[in-house]
Amino acid sequence: DINTLLLSFTTNLLANPAIRKLSSVLTRNRFAGMLPTADAKYENVDLYAPPAFVRGMTKLNREAFKKSVSVPALRVKKEIINKLMKSLKSVALQRPGVKRVVEDPNDENHKLVLLDPYKISTGVSFGEPEKNVLKEHNVSAEIHKYNLEMTYENFKCEEILRAVLPEGQDVTSGFSRVGHIAHMNLREHQLPYKHLIGDVIIDKNPGVTSVVNKTNTIDSTYRNFQMEVLAGLEDMVAKVRENNVTYEFDFSKVYWNPRLSTEHERIVQLLKSGDLVFDVFAGVGPFAIPAAKKKCIVFANDLNPESHKWLQHNCKLNKVDQRVNLFNLDGRDFITNIVKGQLTKLLNTGTEQNCGIHIIMNLPALAVQFLDAFKNLLEEPDTSQAVLPHIHCYSFSKQDDPAEDVMKQAEDVLNCELRRHCSVHLVRNVAPNKEMVCITFQIPGEVIFQKQKASKGKLYLSF
């Protein structure tokens, strides 16, 4: 049968000595994460792995990462080193903190160019471009051994953590950067090593002076979360720059997500000078302040007193405080009072409206539920030329079709059809099988105006 044939073929193939050797090299380098060498001379050198005995370390001991390895080197006269290095760059040794050119202990007139043992093992390992350059400068392709003393500084962050944490388990070296703060979301098996992880993150990332770990989900009224300082300073007041705007805030008390920079910019690009913008859940101002800098008239609100404080601070910091009206209200109260008041005033002027009206609702866990605040919000105006607000509402979805799911969420709350008159933008993947989505639509007159012709069942847009 087919299984017998396959077994016979595999057995005969592996009987070939050359195939067995190639299989061994590929298997070994698969786990080392390297390409196979051209020669067995340096095949046991692993520059990417710290000493094995650091496995299980929970308190960082930098001295324990010292190791000595033999690497290939090329002997070159001092006066032509600079002429050669550009041509040898692709095969030269590249490790953090390691000098690629060192003194030759046996000849003061020469230096040694350290080479990558996974690319060069003998003189024949050089490619044609390197061979031609060596020949042009009369440099021997003979390979010498150099004993390289490696330390903690010569290993990358992920390499250190992979060597320390339990073998076969996920290793994290990724984090969100918020000013000087590295924000991590450690998993259960990583927690025993949390302080070591924090120390390594600070060591390997210039400018990071604090490392924190989120200890619960963002489910509080004020959208902040509990965090633990793993390493470094306790100072949580961060300064960040996003889309040419500077923000300052206490990261432990407000919500800030650096992964939303592109989304902030996308929405602001939709705005025009003179537009009226209502930011229902404004946070520290990533929508409101760029909108004000674009000379929009902005009304920004947030329930969290700390967010409101830093929003006010950031408006002054960016010199837009004269164009931003600030509120510290529940989102529903903001809609039914401030938004209603401003729209009523606009409708009652009786003049032609040249501005756009945008309402931003960035509270993905709950924003859709606030849409019902727009039902019967305004009295129907005498003119049919009234400009209706565009709503940009964010939500989470765990469905296979997140766009359809979020549209249905909004339709169910407003009791009207939106799908033919809206756009849905996938913002980002928040977690496995969880998407953040923005639905944008012009709110139907049949929804927002008190006097409306209602039919049985759902209301439908009519433009």
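Biologist: At the start of H9, which side-chain oxygen reaches to the backbone nitrogen of Glu306?

Modeller: One from Asn304, and the oxygen comes to within 2.9 Å of that nitrogen. A polar contact is a pair of N or O atoms within 3.5 Å; within protein, one must be able to donate a hydrogen and the other to accept it, and residues adjacent in sequence count only if both atoms are side-chain atoms. Before we go on: this is a predicted model, where local features need pLDDT of at least 70 and side-chain atom pairs count only at pLDDT 80 or more, while totals for chains, interfaces and linings use all residues. Residues are numbered from 1 along each chain as its sequence is written, and side-chain values use heavy atoms, with hydrogens and water left out.

Biologist: OK. What span should helix H9 have, and what do its end C-alpha atoms give?

Modeller: H9 covers residues 305-317, and its 13 residues should span 18 Å, which agrees with the 18 Å between its end C-alpha atoms. The expected span is 1.5 Å times one less than the number of residues. Helices (H or I, at least four residues) and strands (E, at least two) are DSSP runs, numbered from the N terminus.

Biologist: And what follows H9?

Modeller: Lys319, with a positive phi near 60°.

Biologist: Which residues in H9 are buried?

Modeller: Ser307, His308, Trp310, Leu311, Asn314 and Cys315. Buried means under 20% relative accessible area, exposed over 50%, partly exposed in between (1.4 Å probe, protein chains only).

Biologist: What covers those buried residues of H9?

Modeller: The cover includes helix H8 (288-293) plus strands E9 (237-242), E10 (245-250), E12 (297-301) and E13 (324-327). Contact here is heavy atoms within 4.5 Å.

Biologist: Switching to rings. How many aromatic pairs does the count come to?

Modeller: It comes to 8. Rings of Phe, Tyr and Trp (its six-membered ring) pair if their centres lie within 6.5 Å; planes under 30 degrees apart are stacked, over 60 edge-to-face, and the rest tilted. Take Tyr247 and Trp256: their centres are 5.1 Å apart and their planes at 50°, so that pair is tilted.

Biologist: Are Tyr247 and Trp256 buried or exposed?

Modeller: Both are buried.

Biologist: Which residues do ring pairs link into a cluster?

Modeller: Phe278, Phe299, Phe327 and Phe334.

Biologist: Which charged residues lie over a ring face?

Modeller: Lys204 lies over Tyr152, 4.6 Å from the ring centre, and Arg332 over Phe370, at 5.2 Å. The rule is NZ of Lys or CZ of Arg within 6 Å of the ring centre and within 35 degrees of the ring normal.

Biologist: Now salt bridges. How many does the count come to?

Modeller: 18 salt bridges, each a side-chain nitrogen of Lys or Arg within 4 Å of a carboxyl oxygen of Asp or Glu. One of them joins Glu103 and Lys78 at 3.6 Å, N to O. That pair links distant parts of the chain, 25 residues apart: Glu103 is in strand E2 (residues 101-103), and Lys78 is in the loop between strand E1 (67-77) and helix H3 (81-88).

Biologist: Which network are Lys78 and Glu103 linked in?

Modeller: A network of salt bridges that also has Lys111 in it.

Biologist: What about Glu417 and Arg420, how far apart are the closest N and O atoms?

Modeller: 2.6 Å, in a salt bridge. Glu417 counts as buried at 18% relative accessibility, whereas Arg420 is exposed at 59%.
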